[in-house]
Amino acid sequence: GTYATGANFTKAGLQNAILRSIEVKAGHFGDADLTRADFSDAEAQGANFARATLTDAKFRAAELQAANLSRVDARGADFRDADMTAANLGGSRFQKASFRSADLRHANLSHSDFSGADLRDADLSWASIGGADLSGARGLTQDQLDEACADNRTKVPAGLVAKACGN
């Protein structure tokens, strides 16, 4: 594999880059353009992608524990089977992205837009969904919402209910 632990790709233009199985723990990708980049099977624990463009990027089965994906544009991105435990996804655009079978335990999804996103079988246990727009999300169940932490600004699909943690 390729090792780039702690590497700095801030503001880099990495459109269409093939970065499969790269080990880039604590790497810096803030403000980078990663449109259609392939990070499948990457080890990017603690990496910083804040404000990056991740449109149509692939993160299938990537290790993204505690990664910072705040304020990203990840429309159409593929996070299937990714481990995003305790990751920060706050204030981001995830329209039509796939989180199918992703591990989002303890992740911050607050104030993000998931319109058309696929959340089938995603683990939302203790995930913060305050202010998140999940109203157009696909595959979302009441069981998933019962495990997450919502607030009065959380939007969910018709027929489902989101509650604060402990309620």
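User: What makes the backbone nitrogen of Arg-100 and the side chain of Ser-98 a polar contact?

Analyst: Distance, to begin with. This is a predicted model, and in it a polar atom of the Ser-98 side chain lies 3.4 Å from the backbone nitrogen of Arg-100. The cut-off for a polar contact is 3.5 Å, so the pair falls within it.

User: And is Ser-98 buried or exposed, and how do you know?

Analyst: Buried: the relative accessible area of Ser-98 is 13%, and the label applies under 20%. As for where it is, Ser-98 belongs to the segment before helix H1, which spans 142-147.

User: Moving to the cysteines, why is the link between Cys-149 and Cys-165 called a disulfide?

Analyst: The S to S distance is 1.5 Å. Since a pair of cysteine sulfurs has to be within 2.5 Å, this one qualifies. The structure holds one disulfide. Its two ends are 16 residues apart, and both Cys-149 and Cys-165 sit in the segment after H1.

User: What makes that disulfide left-handed?

Analyst: The torsion about the S-S bond of Cys-149 and Cys-165 comes out at about -70 degrees, so it gets the left-handed label.

User: What can you say about the largest nonpolar core?

Analyst: It has 54 residues, and Phe-49, Phe-79, Phe-99 and Leu-104 have the most contacts inside it. In soluble globular proteins, nonpolar side chains tend to be buried together. Leaving aside neighbours within four places in sequence, Phe-49 is in contact with residues including Phe-29, Leu-34, Phe-39, Leu-54, Phe-59 and Val-72. Polar Asn-68 is also among its contacts.

User: Why are Ser-21 and Ala-86 called partly exposed?

Analyst: Ser-21 has a relative accessible area of 41%, and Ala-86 is at 41% as well. That value is between the 20% and 50% cut-offs, so partly exposed is the label.

Key: Residues numbered from 1 in each chain as written. Predicted model: local features only at pLDDT ≥ 70, side-chain atom pairs only at ≥ 80, totals over all residues. Heavy atoms only, no water. Helix = DSSP H or I, 4+ residues; strand = E, 2+ residues; numbered from the N terminus. Buried < 20%, exposed > 50% of the residue type's maximum accessible area, 1.4 Å probe, protein only. Polar contact = N/O pair within 3.5 Å; in protein donor to acceptor, adjacent residues only side chain to side chain. Core = buried A, V, L, I, M, F, W, Y, C linked by side-chain atoms within 4.5 Å. Contact = heavy atoms within 4.5 Å.
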